[in-house]
Amino acid sequence: MKRKNVLMAFSCACVMAVSVAPAAVMADETEAVETEAAAESETDADVIVEEDTEDVTEAETEAVRPTYTALDYVVLGEYKGLTVQVDSVEVTDEDVLAEAEELISYSDAVEWLTEGTVQEGDTVDITYVGTLDGVEFDGGSGDYELEIGSGTFIDGFEEGLIGVEAGETVDLNLTFPEDYYYDELAGQDVVFTVTVNSIMSVPELSDEVVETATDGEYTDVDSYLEYIRSYLEEDADDTWLYNVQEALYTALAAGSEITEYPQDLVDYCVDDAVAYYELIAGYYSMEYTDFIEAYFGSEEEFMELLEDAVKESLQQELLLIAVAETEEMEISDEEYQECLEEYAEYYGCETPEEMEEYYSKEDLTRYFLMDKVYEFLQENAVIEVISEGETETETETEA
């Protein structure tokens, strides 16, 4: 049974509908910070109480996720025989070659040229120094491998390097956006002195290039391309399944109604998300209240925004569990173990038990049950496959 698509989408600790994504001076470092914080929050965010007692100096009390009956809150529409249209997902020869070139561009097979002119799409090794009123400002200097046209730097920076010769140094007179995150730079005129040290050159595919790029794991072009095609097709299968599930959920939601939300569950998820943002604030060396005011306005406004985001994130769970209750679906011990092993392998856990260290059995059972509902919906649906370039649909009945 192919699962893999639902699990990580339902952790309340990762309600990212309320997004934090400040711009860094050059490249955005927020994603790395949030990824590290999210990984830690999966195990830490549920700890809500620490108290001293006579026998225990420190105790961690984990909040218990409230249980509920979904049909108390959901009026289900038709969920059998849904008809949905989904674009086909195909892997072409061009896709395989493009992926091979991309992989090689990150390998030791690339050459860094000290001759030539920077063009759109080139990757260049640069050294830059940013000054404001002649004084170097924090975060505005460094060395970087920059893809021209990626939008990594502020407007005008990358465009200003097009046509520059390798080894040449240029001054870029630029202006930070008025709404820039760092107030001291917002709307300011600055100068970036940039030296183009070298320009990346990706060699054409050859047996020698493949061997160098893969450290000898592959020694010829054909076997390397075959390897790339195999995992691209596996990714395409996963994408296809995700698209089918998304289309089925959209159809299910369109014909159903959530009359209200279990408030104790909403409160639990809000508390969980608050703990996450407290963790994020700590990574920015900020107090939680100051962090919220800096990014979202008042704390009251943030809590309203957060509750709306939590409810939106719970919609899918409520609807799928309502179907499970109607069909009297459950996850047997055998199914649980099968799903656990499959997910553990997919997400890179060394053992199934390692996954259970991060997610409770109750949470995992709920995730697996929702996947089972998706399988049920798909088995009872008509999937119309829309192939690229075709005007008519090719109908595939899943039975």
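A salt bridge is taken here as a side-chain nitrogen of Lys or Arg within 4 Å of a carboxyl oxygen of Asp or Glu. The structure is a predicted model, in which local features need pLDDT of at least 70 and side-chain atom pairs count only at pLDDT 80 or more, while totals for chains, interfaces and linings use all residues. Residues are numbered from 1 along each chain as its sequence is written, and side-chain values use heavy atoms, with hydrogens and water left out.

The chain has ten helices and 13 strands, these being DSSP runs numbered from the N terminus (H or I of at least four residues for helices, E of at least two for strands). Of the 399 residues in the chain, 40% are buried, where buried means under 20% relative accessible area, exposed over 50% and partly exposed in between, with a 1.4 Å probe and protein chains only. Among contacts (heavy atoms within 4.5 Å) between residues at least 6 apart in sequence, 71% join residues at least 24 apart.

Seven salt bridges are present in the structure. In one of them, the side chains of Glu317 and Arg65 meet with N and O 2.9 Å apart. Glu317 belongs to helix α7 (residues 299-326) and Arg65 to the loop between β2 (60-62) and β3 (74-75), so the pair ties together parts that are 252 residues apart in sequence. Glu317 is buried, at a relative accessible area of 1%, and Arg65 also counts as buried, at 13% relative accessibility. These two residues belong to a network of salt bridges that links Arg65, Glu317, Asp363 and Arg366.

An α-helix has 3.6 residues a turn, so residues three or four places apart point the same way. Lys311 counts as partly exposed at 24% relative accessibility, as does Glu307 at 26%.

Lys372 forms a salt bridge with Glu335, the closest N and O atoms being 3.1 Å apart. This pair links distant parts of the chain, since Lys372 lies in helix α10 (residues 361-379) and Glu335 in helix α8 (residues 333-346), 37 residues apart. Lys372 is partly exposed, with a relative accessible area of 22%, whereas Glu335 is buried, with 18%. Other buried residues of α8 include Tyr336, Cys339, Leu340 and Tyr343, and the buried residues of this helix pack against α9 (352-358) and α10. Just after α8, Gly348 takes a positive phi of about 80 degrees.

Helices α5 (residues 263-283) and α6 (residues 288-296) pack at an angle of about 95 degrees, with their axes 9 Å apart; axes are lines fitted to C-alpha atoms, for helices over the stretch in contact, and angles run from 0 to 180 degrees between N-to-C directions. That angle makes α5 roughly perpendicular to α6, as angles of 65 to 115 degrees count as roughly perpendicular, those under 35 as roughly parallel, those over 145 as roughly antiparallel and the rest as oblique. The contact is made by Val274, Tyr277, Glu278, Ile280 and Ala281 of α5, together with Tyr288, Phe291 and Phe296 of α6. Following α5, Ser285 has a positive phi, near 55 degrees.
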